[in-house]
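Let's take a friendly walk through this structure together. Keep the sequence and the 3D view side by side as you read.

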Amino acid sequence: MKYTIQTIVCGAYQENAYLLCPEGRTEAVLIDPGDDLTALRRALSASGRRLGGILLTHGHFDHMLSAAPLAGESGAPVYLHPGDAELLCDPERNAYDPGCATQPCPTEMETAALGEEVALCGLRFSVLSTPGHTQGSVCFYDAENATLFSGDTLFCAGFGRMDLYGGSHRDMRNSLRALFALPGEIRVLPGHGCETRIDAERARYHL
């Protein structure tokens with residue numbers, strides 16, 4: 001299914017949230033709604049869609065601070081890899097930065113566990129387990145539209161840090177190898193910074 005993608009840059013860490021609006025549907029999907037609840041509400045309102053689901057690539061604070069309030073307002077389910085469930089309400093484990101965050105760290109958040117695939121609002125993604133940045137980091141891969149939402153696993157000319165809770169150099173290397181095995185023309189939409197392609201990033205590294 002075809003869909004439009006709107007990027008909403010959130011918070012002091014300039015995190016990329018993505019609003020996906022499928023053609024011919026009345027719902028939208030949000031990936032990684034970070035620390036700008038006002039901007040995310042505005043984008044949803046302007047889209048004319050109701051929020052049908054929230055996908056989290058991992059549990060760090062800058063990628064999920066708006067998930068709980070938006071889910072509460074809309075009734076939309078929040079999907080997360082079980083490996084990162086312990087991060088969501090733990091400010092030490094989710095790297096919460098009180099010096100710059102505009103919203104409090106959540107004290108509770110109900111989530112549904114991601115499996116190997118997720119289908120929402122007519123959209124279908126393969127859920128690629130890509131630990132390294134966190135234990136439960138994932139990427140959402142849409143093979144039909146050659147698009148990868150890579151969270152903090154892969155950036156344009158970079159990849160996620162590995163010195164936070166649950167990080168692993170070995171796991172990150174293996175995850176990047178797995179991503180670089182994907183077709184080179186795939187569009188990569190990362191958790192921070194500008195978009196890129198698999199072939200452009202594969203050419204930068206010798207793994």
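Ser168 caps the N-terminal end of helix H3, with a side-chain oxygen 3.4 Å from the backbone nitrogen of Arg170. Helices (H or I, at least four residues) and strands (E, at least two) are DSSP runs, numbered from the N terminus. This is a predicted model, in which local features need pLDDT of at least 70 and side-chain atom pairs count only at pLDDT 80 or more, while totals for chains, interfaces and linings use all residues. Residues are numbered from 1 along each chain as its sequence is written, and side-chain values use heavy atoms, with hydrogens and water left out.

Now look along H3 itself.

Elsewhere, turn to the nonpolar cores, sets of buried Ala, Val, Leu, Ile, Met, Phe, Trp, Tyr and Cys residues joined through side-chain atoms within 4.5 Å. The largest has 29 residues, and those with the most contacts inside it include Ile8, Leu56 and Leu70. Helix H1 (37-47) and strand E1 (3-10) are among the elements that each supply at least two residues of this core. H1 gives the most, with five residues. Apart from this core lies another, of 18 residues, among them Tyr3, Leu114, Val127 and Leu189.

Conventions: A polar contact is a pair of N or O atoms within 3.5 Å; within protein, one must be able to donate a hydrogen and the other to accept it, and residues adjacent in sequence count only if both atoms are side-chain atoms. Buried means under 20% relative accessible area, exposed over 50%, partly exposed in between (1.4 Å probe, protein chains only).
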